[in-house]
There are 4 protein chains.
Amino acid sequence: MSNAQNPARARRSESSRQAILTATRALISEVGYKTVSIEAIAARAGVGKQTIYRWWPSKGAVIFDSFLALSADVDGQGMALPDTGDIESDLKLVMRATVTEFADPDFERPIRALNTEIINDPDLATQFHEKLARPVDEAKKARLRSAQQAGQLATDADLDLVLEVLYAPLFQRWLHRSGPLTAEYADCLVDITLRAFGP
Amino acid sequence: MSNAQNPARARRSESSRQAILTATRALISEVGYKTVSIEAIAARAGVGKQTIYRWWPSKGAVIFDSFLALSADVDGQGMALPDTGDIESDLKLVMRATVTEFADPDFERPIRALNTEIINDPDLATQFHEKLARPVDEAKKARLRSAQQAGQLATDADLDLVLEVLYAPLFQRWLHRSGPLTAEYADCLVDITLRAFGP
Amino acid sequence: MSNAQNPARARRSESSRQAILTATRALISEVGYKTVSIEAIAARAGVGKQTIYRWWPSKGAVIFDSFLALSADVDGQGMALPDTGDIESDLKLVMRATVTEFADPDFERPIRALNTEIINDPDLATQFHEKLARPVDEAKKARLRSAQQAGQLATDADLDLVLEVLYAPLFQRWLHRSGPLTAEYADCLVDITLRAFGP
Amino acid sequence: MSNAQNPARARRSESSRQAILTATRALISEVGYKTVSIEAIAARAGVGKQTIYRWWPSKGAVIFDSFLALSADVDGQGMALPDTGDIESDLKLVMRATVTEFADPDFERPIRALNTEIINDPDLATQFHEKLARPVDEAKKARLRSAQQAGQLATDADLDLVLEVLYAPLFQRWLHRSGPLTAEYADCLVDITLRAFGP
DNA sequence: CAATAAACGAGACGGTACGTCACGTCTTACG
DNA sequence: CGTAAGACGTGACGTACCGTCTCGTTTATTG
C-alpha cells in the first residue's frame with residue numbers, strides 16, 4: 001500500500017492524473033466524442049501530451065478511465081437496490097430511473113463516447129464489464145435473488161439472462177434511437193420480464 | 001427515375017460510385033473502421049477525393065451507403081421467413097442463423113463500423129432504420145402475425161416489442177462482447193420470448 | 001517554358017514559395033539559426049508545414065534556398081569587378097568591401113546559419129558552390145585573368161588557388177573569430193597574394 | 001590541484017565526468033553531430049541527465065570538453081615540429097600529415113561537430129583558441145621562428161599571418177568540400193607561402 | 001456535330017492532430 | 001549532498017488526413 005512497496009509507480013503524479021481525467025470528462029461533455037483530441041485534453045489539463053501517452057495506451061483508455069474515476073467515488077457506498085418485498089414495483093422504480101437517466105442530455109454524449117470506444121476495442125470491453133458493469137449487475141442480481149427466495153421469480157432463472165431481457169431492449173432503443181424511452185416502456189419491460197421468468 | 005427527370009444528376013458517374021462503395025467495403029474489412037480514411041477510399045477506388053465530397057456529406061454516409069448498396073441487391077427478392085406452422089422451430093432456425101452470422105469474422109468489422117457511425121449520427125440512425133432495418137423487421141413481423149393468427153402468440157402482443165426482446169439481448173452481447181453467442185443461447189431467447197408473449 | 005511543357009510543377013504555388021523563403025530569412029535574422037524551426041517558418045509564412053516538407057528535403061535546404069533567392073535577384077546584372085588596370089588597388093577595393101560586409105551584424109547570423117548547414121551536408125555544399133560561390137568566383141577570376149594578360153600576375157598561376165590564398169584567411173578569421181577584420185588586414189592579404197603569385 | 005584546495009568541487013564524480021566525455025566522443029563518431037543528444041550521452045555514460053546539466057552549460061560545452069580531454073593527454077609531451085634545418089621540407093612533411101589527418105573519416109565527424117559549435121558560440125570559439133589551437137600554433141611558430149633565424153623566412157613576417165596563409169586554404173577546402181585534399185596541394189601551399197614570406 | 005458545361009482524376013493547399021523525441025527542471029531513493 | 005533514475009511541462013519533429021481549391025481531361029448532352 002505504501003510507496004515503499006510499489007516504488008516503480010511512486011513517481012506518477014496524482015495531480016496530473018486527476019487533471020487529465022477531469023479535463024477528459026469536461027471536453028467530452030462540451031464537444032462530443034469525435035472532436036476530443038489528446039492535444040486538447042493535455043492543454044485543458046495543463047499537462048504534457050507525453051504524460052498521457054506514458055500512462056494510457058489509447059484515447060479510448062483515457063475516456064474509459066475518466067468514467068471509472070467517477071464511479072469509483074460511488075463504489076464505496078452500497079449500491080443495493082430498493083427491496084420493498086414487491087419485485088415488480090421495485091424493478092419498475094429502477095427501470096424508470098434508468099429511462100430518466102438515459103434521457104439526460106448531459107449523460108448522452110459521455111455514454112455514447114464510452115460505447116464507441118468499447119465497441120471497437122475488446123480490451124476496453126473487458127475492462128468495462130469487470131470494473132463498471134459487474135458491480136452494478138451484482139447489485140441487481142442480489143435483488144433478483146431475493147425475489148427468487150420470495151417466490152416471485154423462477155428459482156432456476158438465469159439471472160444474467162433476466163438482466164439482458166430487462167435492459168438490452170432499453171439499451172438498444174437508446175443506442176439506435178429506434179423508439180421513445182418512456183416510463184410506460186420501462187413498466188412494460190418489467191411486465192414482460194416477470195412473465196417470462198415468473199414462477 | 002429516368003435521367004431526363006433528374007438532369008442535375010445526369011452526369012454522375014455510376015462507375016465511380018460503385019468503385020467508391022466497393023473500395024469502402026474492402027477497406028473496412030481489411031483495416032477496420034478507425035483506420036479507414038477518405039483519402040484511402042479515393043486512392044483505392046481510383047477516384048478524386050472531390051468526387052466523394054461532392055456526393056456524400058460525411059464518411060459515415062459513405063460507409064452507410066456501402067452497406068445499403070449490398071442489401072439493395074437482396075431487397076428485390078422476397079425476404080420472407082420460413083413458415084412451417086410452428087413458430088418456435090421457425091424462430092429458432094432464424095435466431096441460430098443470426099448467431100452464426102454474428103460469429104463470422106468477415107461480418108464483424110463492417111457491422112461494428114456501421115454501428116459506430118449510427119451511434120454518433122442521428123441522421124444515419126434514421127436512415128438505418130428506414131432503409132436497412134425496417135424491411136427485415138417487416139418480414140419478421142409478418143411471420144409473427146401469422147403465429148398470432150395460429151394462436152401461438154398473444155393477439156395483443158406489440159410485435160416491435162417482441163422483436164426487441166428477441167434480438168436486443170443477442171445484439172448487446174455481440175456489441176459488448178459480454179457473453180458467448182451459441183445456438184443454445186439462440187434457442188433460449190426464443191423460449192423466453194414465447195413464454196413472455198404466449199397466448 | 002510554358003506550363004504545358006512542365007505540367008508537373010505547374011501547380012506549385014509561387015506565392016507560398018516566396019512567403020516561405022521570406023519568412024525564413026526574417027526568422028534567421030531575428031532569432032538566429034539554432035532557434036529557427038520549420039513550424040515557425042510555416043506559421044510566419046501563413047503556410048501549412050506540409051507545403052515546406054513537400055518541396056524541400058531539409059531545414060538546411062530551405063535556408064539555402066532563401067539565400068539563393070536573394071542572390072538570384074542580383075544574378076542577372078553583371079557582377080564584374082572593377083578593372084582600373086591596377087590589380088593591386090582593384091583587389092584591395094574588393095577585399096576591403098568584403099571585410100566591411102563581414103562586419104555587418106545583419107550579415108552575421110544568416111551567413112553563420114548557411115555555413116552551419118553547408119558544413120554538415122555535402123549536398124548543400126555542392127549546391128552552394130555551383131549556385132552561389134561559382135558565379136562570384138568566376139567574376140573574380142575574370143579580373144585575375146585580365147591581370148595576367150597585363151603582366152601583373154604569373155601566367156601559369158592557378159586562379160582557384162589564388163582566390164583561396166586571398167579569401168580563405170579572411171573567411172577563417174571571421175568564422176572562428178580568431179582575429180580582427182580590418183582594412184589593413186585586407187590590404188595585407190592582397191600584398192601577400194600578389195607577392196606569392198606575381199610574375 | 002588537490003581537492004582540499006577546491007572544496008566546492010570536491011564532490012564531483014571524476015568517473016562520471018570521464019564516462020560522459022567518452023560517451024560524447026563515441027556518439028559523435030557514430031551518429032554525427034546533429035543526432036547527438038544529452039539524453040543519449042547520459043544513457044550511454046550510465047549517468048543521470050542532471051549530472052551533465054550540473055557541470056556543463058550547453059551541449060556545445062560538453063562536446064568541446066570531450067575534445068579538450070583528448071588533447072590534454074597529448075599536451076604534456078612536447079609537440080615540437082621536426083626541424084631538419086630545411087623549412088620547406090619540414091613544412092611539407094607537416095602539411096602532408098595534416099592532409100592525411102583531414103582525410104580520415106574517423107576524424108571527419110568529430111571535427112565538423114566541433115566547428116559547428118564554435119561557429120555559433122563565441123565563448124566556445126575563445127576557449128577553442130586558447131586551449132586547443134594556441135598550443136599547436138605556438139609549436140608551429142617556433143619552427144617558423146627558427147626558419148627566420150636561418151634566413152629562410154623574412155624576419156619581419158607576421159607569423160600568425162603565415163600560419164593563416166598556410167592553413168586557411170586547406171581548412172576552407174575541407175570545411176566546404178570545395179576541392180581535393182592531396183599531397184600535391186599540401187606541397188603547393190608550402191611553396192606559395194614560402195614565396196610570399198621568403199626573404 | 002461541334003460547343004460547352006458538368007463531373008472527373010489528380011493533387012497542392014492551409015490546417016489540425018497524431019505519436020515520438022529531446023529539452024531543461026524537478027523529485028525520489030540510494031550511498 | 002552528489003548521484004542514477006526518470007517523471008514532468010514544453011515544444012518541435014515529420015506524417016496522415018481533413019475539406020477546399022484549382023488544374024487540365026473526359027464525357028454526354030444540346031444549340
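Colleague: Before we start, which pLDDT do local features need here?
Modeller: Residues count from 1 along each chain as its sequence is written, and chains are lettered from A and ligands numbered from 1 in the order in which they are written. Since this is a predicted model, side-chain values use heavy atoms without hydrogens or water, side-chain atom pairs count only at pLDDT 80 or more, totals for chains, interfaces and linings use all residues, and local features need a pLDDT of at least 70.

Colleague: OK, chain A then. How many helices and strands does the secondary structure of chain A come to?
Modeller: Helices (H or I, at least four residues) and strands (E, at least two) are DSSP runs, numbered from the N terminus. Going from the N terminus, the elements of chain A read α-α-α-α-α-α-α-α-α. That comes to nine helices and zero strands.

Colleague: And what percentage of chain A counts as buried?
Modeller: Buried means under 20% relative accessible area, exposed over 50%, and partly exposed in between (1.4 Å probe, protein chains only). The C-alpha atoms of chain A fill a box of roughly 60 × 45 × 25 Å along the principal axes. Of its 199 residues, the buried part is 47%.

Colleague: How many residues of chain B are in contact with chain A?
Modeller: Contact here means heavy atoms within 4.5 Å. Chain A brings 34 residues to the meeting, and the number from chain B is 33.

Colleague: What area do chain A and chain B bury between them?
Modeller: Buried area is the accessible area (1.4 Å probe) that two parts lose on being put together, summed over both. Carbon and sulfur atoms carry 62% of it, and the total is about 3100 Å².

Colleague: Which three residues supply more of the area that chain A buries against chain B than any other three?
Modeller: Together they supply 21% of the area on the chain A side. They are A:Ile119, A:Glu164 and A:His176.

Colleague: Which residue forms a salt bridge with A:Glu164?
Modeller: A salt bridge is a side-chain nitrogen of Lys or Arg within 4 Å of a carboxyl oxygen of Asp or Glu. The rule finds four of them across the interface of chain A and chain B. For A:Glu164, the closest N and O atoms are 2.7 Å apart, and the partner is B:Arg173.

Colleague: Which element gives the largest share of the side of chain A that touches chain B?
Modeller: The elements giving two or more residues to that side are helix 6 (105-120), helix 7 (122-149), helix 8 (159-176) and helix 9 (183-197) of chain A. With 11 residues, the largest share comes from helix 8 of chain A.

Colleague: Now chains C and D. What kind of axis relates the two copies?
Modeller: Copies are superposed by least squares on the C-alpha atoms of residues with pLDDT of at least 70 in both. A rotation of 180° with 0.0 Å of shift along its axis puts chain C on chain D, with an RMSD of 0.2 Å. The two copies are therefore related as by a two-fold rotation axis.

Colleague: How many salt bridges are there between chain C and chain D?
Modeller: One of them joins D:Glu164 and C:Arg173, with the closest N and O atoms 2.7 Å apart. The count is four.

Colleague: Last one: how far apart are the nearest C-alpha atoms of chain A and chain C?
Modeller: Chain A and chain D have no contact, and their closest C-alpha atoms lie 16 Å apart. Chain A and chain C do not touch either, and there the distance is 17 Å.
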